[in-house]
Structure formats: C-alpha cells, structure tokens
Amino acid sequence: MSNFEVIEEKLKNQQPIDVEDARFILSSYDLIRIGKIARSIKLKKSGKKVYFVFNKHINYTNLCVSKCKFCAFYRIGDEPDAYTMEIDEIIDEIARMPEGIKEVHIVGGLHPTKPFSYYLDMVSAIKRNFPSVNVKAFTAVEIDYFSRLSGLDYEGVLKELKKAGLDSMPGGGAEVFSERVRKKLYPNKIPYEKWAEVHAIAHRLNIPTNATLLFGHIETDDEIIDHLFKLRKLQEEHPGFLCFIPLSFHPANTPLEGKVQKVDAVKELKVLALSRIILDNFPHIKAYWVMLSPKIGQIGLHFGADDIDGTIGQERVTHAAGAKSPLGLARDNMVEMIKNAGFIPVERDALYNEIGVYE
C-alpha cells in the first residue's frame, strides 16, 4: 500500500496516525489528496457546517516585559505608539460594536506595572456592562504572569478570574512546544509544561480553552508534529479544549524580518490538514482568516477546518507584524465567504452553541 493508503486505512479503522505518517504528509505535495483526507474527517464531525462568531478583539496593551524576538507588537514604554487601555476605554470600545456581540476576546502584553486587580476589574466591568457576552480572556502566559504578580498559584488566579466573570480562555502563548525554539526566540515565556498545567487546571475548573501553534519561523517539521501530538495527549488526559488554531508567522517588523520568509499557502494548508488529522479528539479546527487572509481561509475549509473565527473588530497583534487582512469582517461578509466556499454558515457563540444557520 502507498503511504496515503496506509494513512487512510488507519483513519478508517479509527486508529491514530504516527509520527512517520505525519512526516510524510508534511513532505508530500499532493495537496488534493491531503485535503481530501482532512476534509473527510471534518465532514464526519460537523457535516458541511462552518462556524463563525460575532466577536470583538481587545488587545489592552502593547507594553510587555517578555520581549519575544518574533513579536512586532510589543513596546517597552517610551515609543510614541506605546499604549495601555484603561477599563473605561475598553468598555467604550465594546459598546461601539453593533448589538448582538457574543464574545470578547482579550489578550495583551505583560504590562510592567499594572496590578492583578486591574485584570480582575477589567473582566468584572465587562461582565457587568455586557452580561450576555462571553469573556474569553488571557493566555496561559498571562495567567503565569498574574500568578507572579499576585502571589497566587495558577488555580488561585483562575478561580479569582472566574469569580470576576471569566468564561473561557484563548489558546495563545503556546507558540511551538520546543525548548530549542523557546530558548532562541522567547526565553522569558513559560515552557510547555507550565502552559499545559494552566490549561489542565482551567479545564478542571470548567473553563474551556483553545490551543494554538505558531509556525513558519525557525521551527522544524518534527517540532510541529511533536507540538500536535503533545496537544492530542493533553486533551486525552485533561479534556476541555474546544478548538485548535494553527497560526502562520508574519515576520514583518520583527527581528526575524529578512531572516525568514513568510510561510507560503501550501505549507499553511498542509499544517491545517495535518492538525485535523492528528487532533481527532479536538471538536473544531479553525482557519483563522486574520493570519491566513480571507481567501486562503476559504480554501482552508477544504483542508479540515470547520471554523473561520469571527468578525473580530480591530485586531492589533497580527497586523503589527504586517498582516494584510482587513481589520474586521462584517457578519454578512462572513456568511458570503463561507457560502462561496461551498459550506453552510453557522453563527455560534463562544462555546459553539448554534445561534443561526444560513442555509
């Protein structure tokens, strides 16, 4: 049997693929066959439905003590474009969104001086002003930082945030689970073990989370594969992940600009498909249109993705690194984008409860 036939036979018998299978997929240029395998898994899980959410991203500060070498977003404080949003500003920005917003997605830099109370007050103010909105806030990296600020352990931090109104968590800060890469590009960020611990505790506290992978910088294919298998095992042991989002690196305006080329669409689609194939215990895979572009995001729906994220509003982190995607897409555009790819648009809330089906 060919490599593809071996992989298809394993999946038919509900057996997971192994590392050698994953290596073959990333090395193959038979995109049609790869997409067909991933698409068949997506169709079994969610049919022709593709989800989107009416949401708003809040990047509350670009001041950050971490100073990661792949980041175009962070500032140290004396730059003219350094900023920190006060809580009233955050409330005003959300209030400017049209009625019907279902999710506020909040991430930011590790601010050098704000106390833990700032983050608790932020969450409680949003929940007080917009009680029906799901507050999806703070990566595992931020939770670790809050632990150091407050003197609380991870569980204590998460319990306080949940009490304030935290509903769910994004999956950022994972980057790629490689100590080699971490030491070179983001040595001040937490390693895999701590990232995993935060998410495991969140799941135990009934705080659902997402997971991500940042690829297209200095990682190897084997490090991508290892990252995916680590997530699969973590979901087995501590279930609670809703969605996985592979994120392609944008080198513009970072210290890596000129040293690495932006990953091409072929690699983006192969990683997306491989994610769907390996992460069979993740309910959803997202083709994040902000990083992929709306057009590649549409194609990604044929490579295993069943989610395209949301209307976003203004997203600052990726655009600081040169993303050319629009700063936001209206609901009608999301529906049209999904329909034109041949799928059924389904508006969801943050927890994948269906709000509207656009047949």
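In what order do the 3 strands of the open sheet lie, and is their pairing parallel or antiparallel? In this predicted model, the order is S2-S3-S4 and the pairing is parallel. Strand S2 spans residues 55-59 and strand S4 residues 134-137, and these two strands stand at the edges of the sheet. Each of the two has a single partner strand, so one side of S2 and one side of S4 are left without a neighbour in the sheet. From one strand to the next, the twist averages 20°.

The pairing of S2 with strand S3, which covers residues 103-107, is made over 5 bridges in the parallel sense. Within this pairing, asparagine 59 has valine 107 of S3 as its bridge partner. Two helices were examined in relation to these strands. Helix H4, formed by residues 87-95, lies across S2 and S3, and the direction of H4 is at about 155° to S2. Helix H5, formed by residues 116-129, packs on the sheet and touches S3 and S4. The direction of H5 makes about 160° with that of S4.

A further set of pairings involves strand S1, which comprises residues 49-53. Strand S1 is mostly covered, with 4 of its 5 residues buried. Strand S9, residues 344-348, runs parallel to S1 and is joined to S1 by 5 bridges. Phenylalanine 52 stands opposite glutamate 347 of S9. Strand S1 also pairs with strand S8, residues 307-310, in the parallel sense, here over 2 bridges. In this second pairing, valine 53 has glycine 310 of S8 as its bridge partner.

Asparagine 210 was considered individually. This residue belongs to strand S5, which runs from residue 209 to residue 215. The relative accessible area of asparagine 210 is 7%, and the residue is therefore classed as buried, the cut-off for this class being under 20%. A polar atom of the asparagine 210 side chain lies 3.3 Å from the backbone nitrogen of cysteine 243. Cysteine 243 is also one of the residues that asparagine 210 touches when residues up to four places away in sequence are not counted. Phe241, Leu242 and Ile245 are among these contacts as well. Other residues touched by asparagine 210 include Met169, Pro170 and Gly171, together with Trp195 and His199.

Notes:
Residues are numbered from 1 along each chain as its sequence is written. This is a predicted model: local features need pLDDT of at least 70, side-chain atom pairs count only at pLDDT 80 or more; totals for chains, interfaces and linings use all residues. Side-chain values use heavy atoms; hydrogens and water are left out. Two strands pair if DSSP finds at least two bridges between them. Axes are lines fitted to C-alpha atoms, for helices over the stretch in contact, and angles run from 0 to 180 degrees between N-to-C directions. Contact means heavy atoms within 4.5 Å. Buried means under 20% relative accessible area, exposed over 50%, partly exposed in between (1.4 Å probe, protein chains only). A polar contact is a pair of N or O atoms within 3.5 Å; within protein, one must be able to donate a hydrogen and the other to accept it, and residues adjacent in sequence count only if both atoms are side-chain atoms.
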